[in-house]
Each structure stands twice: as structure tokens, then as C-alpha cells.
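I opened this entry to keep track of what I looked up. The sequence and structure come before my notes.

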Amino acid sequence: MRKKIAEFLREVVKAVSVVYYRLAMPDVKTDGYIPVSGKVLGAEELKNMIDASFDMWLTAGHFNDEFEKEFAGFLDVKYSLTTNSGSSANLLAISALTSHKLGNRRLSKGDEVITVASGFPTTIAPIIQNGLIPVFVDVEIGTYNVIVDQIEEAITPKTKAVFMAHTLGNVFDLAKVKEICDRHKLWLIEDSCDALGSKVDGKFTGTVGHIGTFSFYPAHHITMGEGGAVCTNDSQLYKILISFRDWGRDCWCNPGKDNTCGKRFSMKFGNMPQGYDHKYIYSHLGYNLKITDWQAAIGVAQLKKINNFIKKRRDNFNYLYKKLEDLQEYIILPKRPENSEPSWFGFLISVNPNDKFNKQQLVEYLEKNMIGTRQLFAGNILRQLSFVESDINLRIRNSEIKKSNALTEKDYKLLPNTDFIMNNSFWVGIYPAIDKMRLDKISENIHEFIRQKM
């Protein structure tokens with residue numbers, strides 16, 4: 001009887017939480033400041049969080065299991081694994097490829113990983129943190145993704161992997177990059193943190209390479225507050241990813257579970273005693289990068305809305321694109337590969353160099369008029385203090401290895417488009433909560449600024 005009463009009260013509180021949300025939470029306003037991004041939550045997320053609280057389970061639990069299964073199903077991959085952020089997902093992806101279990105395919109200190117300098121810092125940081133050498137190639141203006149031919153030019157006998165992002169949801173030429181990686185036996189990691197739901201040749205980004213990474217920060221396509229995920233179709237990589245995420249342990253039991261392998265006290269590892277508890281065997285130098293079940297509970301609710309979120313982002317992108325088409329003499333609008341269906345993170349604009357105005361002036365005008373803007377992340381990360389004040393080993397395209405604090409303007413000129421982006425590019429928001437009234441305001445202000453300057 002007590003159990004039935006408890007279950008009844010649980011359902012009552014969950015139902016009341018839905019009523020509370022609808023009464024207490026403000027509607028999205030169409031005036032005021034227009035942010036570039038933001039979470040889109042509803043009563044379902046609150047109800048799930050309260051449901052998770054009733055379990056009093058303080059780490060990943062049944063909501064996490066549900067999310068990982070449904071997320072893998074959405075992407076049509078064999079395995080997904082949650083992490084506490086997209087940045088941690090990137091760290092796990094690179095770290096997993098250093099595993100001794102991969103034999104001569106493992107990444108070792110001094111091996112090279114090809115990437116781009118115009119991305120987010122935590123795509124690049126794990127390369128350096130694992131003692132690997134980042135090799136930077138340039139990107140295209142318009143797609144803001146890698147110039148594929150430069151990947152081939154940058155490959156040396158030390159090259160072991162390619163790791164780069166699909167920029168703001170736009171898809172790099174995945175077929176060509178994958179072909180190069182397959183031909184040269186390179187690992188391919190797709191950073192899809194800004195591209196959840198993007199497709200190329202009918203496949204979701206993050207599912208074509210060996211490992212894909214995703215972010216669920218509030219700015220992203222779905223959110224857990226903080227959170228992320230890795231996915232793979234490779235069962236060996238999946239077990240290695242679990243190990244690195246969960247303290248580096250060799251055991252793959254879920255929290256609260258024991259003896260999944262049936263050999264907990266009968267195996268021998270390294271120089272440890274025969275039969276030492278498998279739950280305390282560590283095969284990697286790992287981390288603890290798990291999420292809580294409260295986060296997963298939010299993710300379960302968000303995942304049910306993802307198709308609508310993606311559609312809204314695409315609709316907003318197309319609407320704003322048409323509004324700005326007449327300004328292409330002055331600004332460069334984003335372009336996508338013909339075989340792709342981007343799930344846009346933001347609307348990227350570049351100012352054509354001219355003697356009337358520059359990016360900085362346009363950005364300041366928009367911000368003054370309550371329109372949020374963002375840079376394309378680090379711009380050219382090689383010019384950031386994190387590189388200028390460090391002695392990081394790196395290469396730019398097919399040049400020799402250099403120290404980051406010894407780079408000169410001659411070196412930077414090997415990445416002319418990356419510098420162009422730093423000086424001329426920014427983006428505005430098209431996330432699902434932005435309506436046509438706000439998009440009209442963005443368009444009108446850009447038009448008005450250019451009219452004033454011309």
C-alpha cells in the first residue's frame with residue numbers, strides 16, 4: 001500500500017510541475033535584445049528533472065541509459081556515450097585513439113593530427129594535451145570549412161588523424177575527407193558539436209568518421225545545461241571510450257552494477273595479483289567525465305523535440321538568407337555543399353573588404369541596436385595568447401615544425417582565409433526561439449547600416 005501511495009504522489013507532483021511551468025515561466029518575447037543562441041525548454045524538461053529527483057540517484061542512471069539508446073537510434077549508429085560537455089567529448093575522442101589496445105594504430109606522442117585554426121579551442125586543445133602535433137590547414141570563405149586539397153599536401157609519415165569541426169552546422173566535404181583518411185589509414189574524428197542534425201549524402205554528421213562528438217550546452221541544438229556525447233560504430237573504440245570516461249578502468253559495468261563480464265575475480269592484468277577485483281583494474285590514464293541523471297532527464301525530453309528544432313533552424317536560415325540576398329555586393333553570405341542538409345548553428349556573415357566600413361563597425365552597430373553577434377570563435381587561434389605565450393610544437397600546412405611563440409607574419413600568411421575570417425566574419429542567431437519579427441529586425445538593421453555607409 002505504501003508503495004502505491006508513493007507512486008501516486010510521484011505522479012501527482014509531476015503533473016503539478018507541468019501546471020506550475022505553464023503558469024510561472026515567461027513566454028518568449030519578441031522585443032528587446034536578440035541573443036545569438038539560447039535554450040528552448042518546456043514543461044516536459046521540468047517534469048523529467050523532478051522525476052529524476054525522486055529516484056535520488058546522484059550519477060548516471062536509467063535516464064542516461066534511455067538517452068544514450070535514443071540518441072544512437074536518432075543518429076543510426078551502434079553506440080553513443082554521454083559526457084559532461086562537448087569539450088570533454090573531444091578530449092575523450094583523441095584520448096581514446098592513444099590506447100595501447102589499438103596496437104600500431106594508436107596515436108603516440110609526436111604524431112601529427114590535421115586540423116584548422118579557425119575552430120573552437122577545445123577541438124584543438126586535446127591534440128596538444130595528448131602530446132600530439134597539430135597541423136593547421138586553411139579553410140574556404142563561404143563554407144568556412146577545410147580546403148580539402150590542403151589535407152593531402154599536409155600529410156607526412158607522422159600523420160595519424162584528421163580532427164576538425166563542421167563549422168556552425170555547415171558540412172565539410174565529408175566524402176573527400178573520408179576518402180583521404182581511408183587511403184592514408186588515418187583516423188577521422190568529426191566534431192559535430194555545432195552540427196547536430198546536419199546531413200551529408202543522407203547521413204548525419206558525426207557518424208561517418210571513426211568517432212563523432214556532440215555538445216549539449218544551452219547554446220546548442222539540444223541541451224542538458226552542461227553535457228555532450230561521443231558516438232561510434234566501432235565496438236573496440238566504444239569500450240576504450242568508456243574506459244577513458246570512467247576513470248580509466250578496464251571494467252565496463254554501469255554504475256551500481258557488478259560482474260557484467262562474469263569474470264570479476266578470475267582474471268590477470270599486468271603485474272597485479274591473479275583475480276584482483278576487475279572493478280579496480282585501470283587499463284588507461286582516464287578521467288571522470290560522466291553526467292548526472294538530472295542532465296540526462298532533460299536530454300530525453302529535448303531529444304523528442306530535435307526534429308522540430310532542426311526544422312526551425314533551417315527555416316530561420318532560409319528566411320534570413322532571402323532577406324539579405326540583395327546585399328551580396330557588400331557582404332558574403334554562407335554557402336553549403338550541394339549534397340548537404342545543414343542543421344545551422346548560426347548565420348555567418350563576412351564583410352567584403354571596402355573603404356566604407358568594416359566588420360567591427362557593423363558588429364558594434366548591431367550590438368548598439370540590441371542584436372547579438374559572435375565571432376567565429378577564436379578567429380585564428382594561432383594568434384591567441386594561448387599559442388603566442390606558449391612553446392607548442394605545430395606545423396602549418398606542409399611547412400616544418402615550429403614553436404607557436406616563434407611564429408611570424410610569414411607563417412600566418414600560410415592561412416590567409418583564416419586571417420580573413422578573423423578580420424571580416426561574425427555571426428548572428430537563428431536558433432528556434434527567434435521568430436520572423438526578430439529576423440526582420442536583424443535584416444533591417446544590416447540594411448540600414450549599409451545605407452548609411454554608402
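Which residue in β7 is the bridge partner of Lys199? I looked it up and found Phe204.

Before going on, I noted that this is a predicted model, where local features need pLDDT of at least 70, side-chain atom pairs count only at pLDDT 80 or more, and totals for chains, interfaces and linings use all residues. Residues are numbered from 1 along each chain as its sequence is written, and side-chain values use heavy atoms, with hydrogens and water left out.

Sheet. I traced β6 (residues 199-200), which runs antiparallel to β7 and is joined to β7 by two bridges. Strands here are DSSP runs of E, at least two residues, and helices are runs of H or I, at least four, numbered from the N terminus. Two strands count as paired if DSSP finds at least two bridges between them. The open sheet has three strands in the order β7-β6-β11, paired antiparallel. β7 (203-204) and β11 (340-341) each have a single partner strand, so one side of each lacks a neighbour in the sheet.

Helix α2. I checked residues 43-55: the 13 residues reach 19 Å from first C-alpha to last, close to the expected 18 Å. The expected span is 1.5 Å times one less than the number of residues. Ala43, Glu45, Asn48, Asp51 and Ala52 are buried, meaning under 20% relative accessible area (1.4 Å probe, protein chains only). The buried residues of α2 pack against α1 (2-24), α3 (62-75) and α9 (293-303), with contact meaning heavy atoms within 4.5 Å. Just after α2, I found Met56 with a positive phi of about 55°.

Definitions and conventions:
Buried < 20%, exposed > 50% of the residue type's maximum accessible area, 1.4 Å probe, protein only.
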